[in-house]
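Please look over the sequence and the model that follow, and keep both at hand while reading.

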Amino acid sequence: MRHLTEISDFSKGEIYTILSVANDIIANEGSFVDRMKGKVMATLFYEPSTRTKFSFESAMHRLGGGVIGFSGTDSTSVSKGESFEDTVRTVACYSDVIVMRHYEQYAPMKAASYSQVPVINAGDGGNQHPTQTLTDLLTINQSMGRLDNLKIVLVGDLKYGRTVHSLVKAMNKYENNKFVFVSPSELKMPDYIKESLDEGSYVETQDLDYGVKEADVLYITRIQRERFEDKNQYEKLKDVYILDNLKMKKAKEEMIILHPLPRVNEIAKEVDADPRAKYFDQVKYGMYVRMALLLKLEELRGE
Ligand code: NCD
């Protein structure tokens with residue numbers, strides 16, 4: 001049995017299969033309608049979510065499966081003092097796959113060690129967000145036609161933003177990708193991510209204009225308010241980068257803008273009409289790629 005707790009749990013070959021299956025689903029959704037019939041997915045969300053939770057739930061419904069779960073633990077026995085381990089063991093008795101988001105780093109990895117069914121990490125603290133990365137890979141591949149030979153410019157909260165950590169790890173598997181990390185000095189990409197990259201494959205800057213000019217993929221992120229201990233620091237940094245049409249004048253014709261969403265102020269609404277803005281396509285791809293992931297984990301479970 002396999003879990004997806006971080007993106008490196010899957011080989012490049014397996015990621016390729018998931019993206020191909022997602023493509024098949026997009027082309028021919030009707031033939032997938034009962035592929036998970038009789039199966040139950042549990043969503044254990046200890047932290048808020050819109051896209052990740054609903055896209056997983058919609059994915060399971062569209063495959064003919066059922067969904068149970070919680071958003072916040074107030075109405076569960078966690079509020080009576082039940083341990084994390086007991087909650088996971090209990091839910092694993094009722095479900096065929098568990099999707100977990102948690103405010104603590106590594107919680108889904110811990111859950112995987114207690115669970116009799118596959119565990120999917122839907123975001124653990126400021127650490128990783130592997131299914132957002134599958135979404136991002138599908139969107140990049142659909143829009144740019146490739147996953148290699150790209151300059152990927154990541155902007156914003158690179159310290160606490162879990163989506164960028166997983167995305168860099170994944171894009172580093174493909175040939176000749178280069179990275180530009182645009183952040184204020186307080187929110188730089190963590191060393192453990194930079195150390196996993198080849199020397200010369202990334203640059204760090206505070207200059208958004210430079211990033212916009214260089215990008216094949218411009219990946220904007222929100223400053224992660226909930227992770228700041230010092231709220232004054234958040235206030236100081238929250239609007240440090242705002243992408244608008246004026247800034248986009250410097251961008252290449254053939255490039256895309258991605259954002260995992262939710263957006264706060266970091267992309268002006270006027271940019272939405274730019275054909276290079278792909279963040280709402282990204283939302284849709286997220287559902288298809290999660291359908292493909294659920295099928296893949298079910299298949300691996302049978303092996
Ligand atoms: C992201 C997350 O939860 O990490 N959202 C998402 O899943 N699409 C990004 C964020 O919250 O900024």
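In which hand, left-handed or right-handed, does α1 cross α5? The model is a predicted one, and in it α1 passes α5 in a right-handed crossing. Two packed helices are described by the angle between their axes and the distance between the axes. For α1 and helix α5, which covers residues 130-144, the angle is about 65 degrees and the axes are 10 Å apart, which makes α1 roughly perpendicular to α5. On the α1 side the contact is made by Ile15, Leu19, Ala22, Asn23 and Ile26, while α5 contributes Leu134, Leu137, Leu138 and Gln142. Sorted by class, the residues in this contact of α1 with α5 are seven nonpolar and two polar, with no charged residues.

Helix α1 (residues 12-27) also meets helix α11 (residues 279-301), their axes coming within 8 Å and crossing at roughly 120 degrees, which makes α1 oblique to α11. The crossing of α1 and α11 is right-handed. From α1, the residues Glu14, Thr17, Ile18, Leu19, Val21, Ala22, Ile25 and Ile26 take part, and they meet a set in α11 that includes Tyr285, Tyr288, Val289, Met291 and Ala292, together with Leu293, Leu295, Lys296 and Leu300. By class, the contact of α1 with α11 consists of 14 nonpolar residues, one polar residue and two charged residues. Leu19, Ala22 and Ile26 are among the α1 residues that meet α11, and Leu19, Ala22 and Ile26 are also among those that α1 brings to its contact with α5.

From the helices we turn to the sheets. An open sheet of four strands, paired in parallel, has the order β2-β1-β3-β4. At its edges stand β2 and β4 (119-124), and because each has a single partner strand, one side of each is left without a neighbour in the sheet. From one strand to the next, the twist of this sheet averages 10 degrees. Within the sheet, β1 and strand β3 (residues 97-102) run parallel and are joined by five bridges, and the bridge partner of Thr43 in β3 is Val99. Helix α4 (residues 107-114) packs on this sheet, where it touches β3 and β4, and its direction makes about 160 degrees with that of β4.

Strand β8 (residues 217-220) pairs with β9 in the parallel sense over three bridges, and Val217 stands opposite Ile256 in β9.

Because Tyr46 lies in the loop between β1 (40-45) and α2 (51-62), whereas Phe70 lies in strand β2 (residues 66-71), the pair ties together parts that are 24 residues apart in sequence.

Methods: Residues numbered from 1 in each chain as written. Predicted model: local features only at pLDDT ≥ 70, side-chain atom pairs only at ≥ 80, totals over all residues. Heavy atoms only, no water. Axes fitted to C-alpha atoms, helices over the stretch in contact; angles between N-to-C directions. Helix = DSSP H or I, 4+ residues; strand = E, 2+ residues; numbered from the N terminus. Parallel < 35°, antiparallel > 145°, perpendicular 65-115°, else oblique. Left-handed = near helix turned anticlockwise from the far one by under 90°. Contact = heavy atoms within 4.5 Å. Nonpolar A, V, L, I, M, F, W, Y, C, P; charged D, E, K, R; others polar. Pairing = 2+ DSSP bridges.
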